[in-house]
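Visitor: Can you walk me through this one? I'd like the main features, briefly.

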Amino acid sequence: MKSLKFSLILAFVCTISIRSIGQETLQEKYNDILENTETYEQYKVIPRTTLNGFWSEVSDSLTQNTRTISGLRSERIDQQAMIVKLNADVASLQSELDESLNQNDSISFMGISFSKVGYHLMVWLIIIVLAVLGVIAYLMYMRSNHVTTRVKKEHDILNSEFEEHKVKSREAQVKLKRELQTAINDLNERR
């Protein structure tokens with residue numbers, strides 16, 4: 001606003017100074033009239049033609065200055081309207097920028113809007129939970145595998161012992177049957 005006032009004043013001064021270049025100013029003409037006119041007692045006698053000429057120059061200057069002032073006022077009104085429009089444009093652009101930044105900073109996941117930070121935290125939390133579950137599943141598998149291997153070894157050992165026992169029992173049974181048969185045969189012979 002200050003720059004607008006300054007530019008209006010500067011334009012007014014420039015207009016007046018441009019007009020006065022090569023021409024006498026009203027003050028100089030007034031001084032010239034006072035110097036070149038006759039004095040009667042304490043009064044100055046100014047011819048009407050000179051006074052009318054001076055008045056027409058004053059009137060022209062006033063008319064021209066009034067036009068300049070009204071032109072500057074209309075220019076100021078136009079500039080104020082432009083400032084209001086530009087401020088509205090800036091406000092509109094700022095709201096669009098804020099909306100765009102808000103959309104840029106959010107992610108929609110399963111129909112729910114999350115901030116990027118919240119989304120990243122949720123994703124990393126899911127990854128960590130899945131990793132922990134994977135480690136737990138792996139440890140359970142290793143434990144089960146270890147138990148299974150141990151049970152298989154124990155089963156194999158027990159099975160081999162059972163087979164040895166079966167063989168020994170069969171041999172003992174065969175031996176007993178042979179002894180029994182021998183005893184039966186001896187008994188039959190003795191009879």
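**Charges, rings and patches**

Guide: This is a predicted model. Start with the surface: E24, E28, D32 and E35 gather there in a patch of negative charge.

Visitor: Which helix holds E28?

Guide: Helix α2, which covers residues 26–36.

Visitor: And is E28 buried, partly exposed or exposed?

Guide: Partly exposed, because its relative accessibility is 44% and that class lies between 20% and 50%.

Visitor: Let me step back. How many helices and strands does the chain have?

Guide: There are 4 helices and 4 strands. From the N terminus on, the order is α-α-β-β-α-β-β-α.

Visitor: What share of the residues counts as buried?

Guide: 6% of the 191 residues in the chain.

Visitor: New topic. How many aromatic pairs are there in the whole structure?

Guide: The search finds 1. Y30 and F54 make that pair, with 6.2 Å between centres and 40° between planes.

Visitor: Is that stacked, edge-to-face or tilted?

Guide: The pair of Y30 and F54 is tilted. Stacked needs planes under 30 degrees apart and edge-to-face needs over 60, so 40° falls in the remaining class.

Visitor: What about the cover on each, buried or exposed?

Guide: Y30 has a relative accessible area of 40%, so Y30 is partly exposed. F54 is at 17% and counts as buried, because the limit for buried is under 20%.

Visitor: On to salt bridges. How many?

Guide: The count comes to 4. One of them joins K29 and E57.

Visitor: How far apart are the closest N and O atoms of K29 and E57?

Guide: 2.4 Å. This bridge links distant parts of the chain: K29 is in helix α2 and E57 in helix α3, 28 residues apart.

Visitor: How exposed is E57?

Guide: Partly exposed, at 28% relative accessibility.

Visitor: Which residue meets K85 in a salt bridge?

Guide: D89 does, with 3.5 Å from N to O. Both lie in helix α3, 4 residues apart, so about one helical turn separates K85 and D89.

Visitor: What is the exposure of K85 and of D89?

Guide: K85 counts as exposed, at 54% relative accessibility. D89 is partly exposed, at 32%.

Visitor: And what distance goes with the bridge of E163 and K166?

Guide: Those side chains meet at 4.0 Å, N to O. That value sits at the limit for a salt bridge, because the rule is within 4 Å.

Visitor: Where are E163 and K166?

Guide: Both are in helix α4, 3 residues apart, or about one turn of the helix. E163 has a relative accessible area of 38% and is partly exposed. K166 is partly exposed too, at 34% relative accessibility.

Visitor: Last topic. Which residues form the nonpolar patch on the surface?

Guide: W124, L125, I126, I127, I128, V129, L130, V132, L133, I136 and M140. Together they have about 1,100 Å² of accessible area.

Visitor: Which helix is V129 in, and how exposed is V129?

Guide: V129 is found in helix α4, residues 116–190. At 42% relative accessibility, V129 counts as partly exposed.

Methods:
Residues are numbered from 1 along each chain as its sequence is written. This is a predicted model: local features need pLDDT of at least 70, side-chain atom pairs count only at pLDDT 80 or more; totals for chains, interfaces and linings use all residues. Side-chain values use heavy atoms; hydrogens and water are left out. Patches are made of residues with over 30% relative accessible area and no salt bridge: like charges are joined within 9 Å, nonpolar side chains (Val, Leu, Ile, Met, Phe, Trp, Tyr) within 5 Å. Accessible areas come from the Shrake-Rupley method with a 1.4 Å probe; for residues, only the protein chains shown count as cover. Lys and Arg count as positive and Asp and Glu as negative; His and the chain ends are not counted. The place of a charge is taken as NZ of Lys, CZ of Arg, CG of Asp or CD of Glu. Helices (H or I, at least four residues) and strands (E, at least two) are DSSP runs, numbered from the N terminus. Buried means under 20% relative accessible area, exposed over 50%, partly exposed in between (1.4 Å probe, protein chains only). Rings of Phe, Tyr and Trp (its six-membered ring) pair if their centres lie within 6.5 Å; planes under 30 degrees apart count as stacked, over 60 as edge-to-face and the rest as tilted.
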